[in-house]
Amino acid sequence: MHKEGLILVTGAAGFIGFHLTKFLLQEGFHVIGADSLNDYYDVNLKTSRLNQLKEINSIAEGTFTFEKVDLADKASVDNLFSNFDISSIFHLAAQAGVRYSITDPYTYVKCNIDAFLNVLENSRYHNISHLVYASTSSVYGANTKIPFSESDSADHPLQFYAATKRANELMAHSYSHLYDVPTSGVRFFTVYGPWGRPDMALFLFTKNIIEDKPIDVFNHGNHTRDFTYVEDIVQGLFQIHKKPPVKKENLMGGIRPDESLAPYRIVNIGNNNPTKLLDYISAIETKLNKKAITNLLPLQPGDVKDTYADVGKLVNEFNYKPEVSVLDGVGKFVDWYLDYYKIKP
């Protein structure tokens with residue numbers, strides 16, 4: 001077995017979880033993938049990702065075992081940890097989607113709060129060496145200071161999804177403080193790329209442009225996003241995973257929101273290069289050689305106008321900075337989309 005031991009990736013059939021698991025297998029790690037395979041979006045896409053992982057598993061040095069688990073069910077999670085000698089965790093499973101959290105907040109409590117508590121409890125009792133979990137840039141909410149820094153307040157979320165993710169960060173801190181569980185919360189900035197979710201803008205835009213259907217462009221396309229390519233996210237996660245936070249005797253200058261005397265940290269992963277939504281659409285048009293029919297609409301409830309990641313911490317502490325441009329990343333997504341759905345360009 002790889003010297004790092006057995007790694008649990010929750011949400012392994014999801015967008016980011018799939019890419020991370022693929023990378024870990026190719027690097028020779030031994031991975032347990034857990035996912036509930038819920039029907040929030042096309043289960044066939046999740047199954048296709050799992051099939052890809054099984055193919056990679058057959059030729060990679062690492063090994064992959066998949067377990068269908070509802071992480072909100074305590075008994076199921078307890079059994080998972082009892083059956084496998086897990087050394088570290090990437091917790092990426094969650095109910096995603098900003099707008100859906102306005103429609104069905106109870107699902108977010110189940111999937112994002114209850115499930116995370118079960119992961120934390122088992123991390124405590126099974127001496128997990130490092131719990132790396134997904135947070136989101138959405139926690140910055142009403143902040144107007146940009147770029148968003150981990151030391152900024154994150155106490156004014158604009159939607160319930162962000163509130164549950166901020167709750168995860170606070171829950172993690174309590175476990176790091178009480179039980180010395182090393183935790184790293186990673187705030188993702190608008191992740192995109194091949195195998196992305198069908199409810200995400202890039203997927204919806206590409207599909208509708210190909211089918212000559214109008215695309216809904218909120219805030220008249222004037223807001224900006226720090227679009228981050230999924231493989232950059234994976235590399236950042238891996239670098240952070242290699243350096244678990246440690247307990248500290250004191251903190252010079254006092255305790256910032258992203259730090260603690262406990263083995264706890266918060267880190268941004270973003271492209272550090274905000275792009276206007278209209279320019280993002282333009283990259284899709286360029287790749288498809290086809291103009292979009294745009295339906296310009298006002299800003300949606302719960303939407304943040306602009307996101308921009310300060311990645312100084314990622315660079316200084318982990319020697320990593322995302323590097324894939326929006327033009328290249330969008331091109332790779334469109335290539336995947338055309339291939340996956342067998343569409344001739």
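The model is predicted. Its largest nonpolar core holds 72 residues, and 29 aromatic pairs turn up in a search of the whole structure.

**Nonpolar cores**

- In soluble globular proteins, nonpolar side chains tend to be buried together.
- Within the largest core, the residues with the most contacts are Leu 24, Phe 188 and Leu 237.
- Beyond its neighbours within four places in sequence, Leu 24 is in contact with Ile 7, Val 9, Phe 29, Val 31, Phe 90 and Phe 238.
- Another core, of 26 residues, lies apart from the largest one and includes Leu 120, Leu 131, Met 171 and Tyr 175.

**Aromatic pairs**

- The search of the whole structure gives 29 aromatic pairs.
- Trp 336 and Tyr 337 form an edge-to-face pair, because their ring centres are 6.4 Å apart and their planes stand at 75°, where over 60 degrees counts as edge-to-face.
- Trp 336 and Tyr 337 are both buried.
- These two residues belong to a cluster linked by ring pairs, together with Phe 18, Trp 195, Phe 203, Phe 333, Tyr 340 and Tyr 341.

**Charges over rings**

- Lys 46 has its charged end over the ring of Tyr 41, 4.6 Å from the ring centre.
- Arg 187 places its charged end over the ring of Tyr 140, 4.8 Å from the ring centre.

**Second largest pocket**

- The volume of the second largest pocket is about 160 Å³.
- Its lining consists of Pro 245, Val 246, Lys 248, Leu 251, Glu 259, Tyr 264, Arg 265, Lys 313 and Glu 317.
- Strand 11 (264-269) and helix 10 (312-318) are the elements that contribute two or more residues to this lining.

Conventions. Residues are numbered from 1 along each chain as its sequence is written. This is a predicted model: local features need pLDDT of at least 70, side-chain atom pairs count only at pLDDT 80 or more; totals for chains, interfaces and linings use all residues. Side-chain values use heavy atoms; hydrogens and water are left out. A nonpolar core is a set of buried Ala, Val, Leu, Ile, Met, Phe, Trp, Tyr and Cys residues joined through side-chain atoms within 4.5 Å. Buried means under 20% relative accessible area, exposed over 50%, partly exposed in between (1.4 Å probe, protein chains only). Contact means heavy atoms within 4.5 Å. Rings of Phe, Tyr and Trp (its six-membered ring) pair if their centres lie within 6.5 Å; planes under 30 degrees apart count as stacked, over 60 as edge-to-face and the rest as tilted. A charge sits over a ring if NZ of Lys or CZ of Arg is within 6 Å of the ring centre and within 35 degrees of the ring normal. On a 1 Å grid over the protein atoms alone, a cavity is a set of points where a 1.4 Å probe fits but cannot get out, and a pocket is an open set with protein on both sides within 12 Å along at least five of seven lines; lining residues have an atom within 4 Å of a point. Grid points are joined across faces, edges and corners, and a volume is the space filled by probe spheres set on the points. Helices (H or I, at least four residues) and strands (E, at least two) are DSSP runs, numbered from the N terminus.
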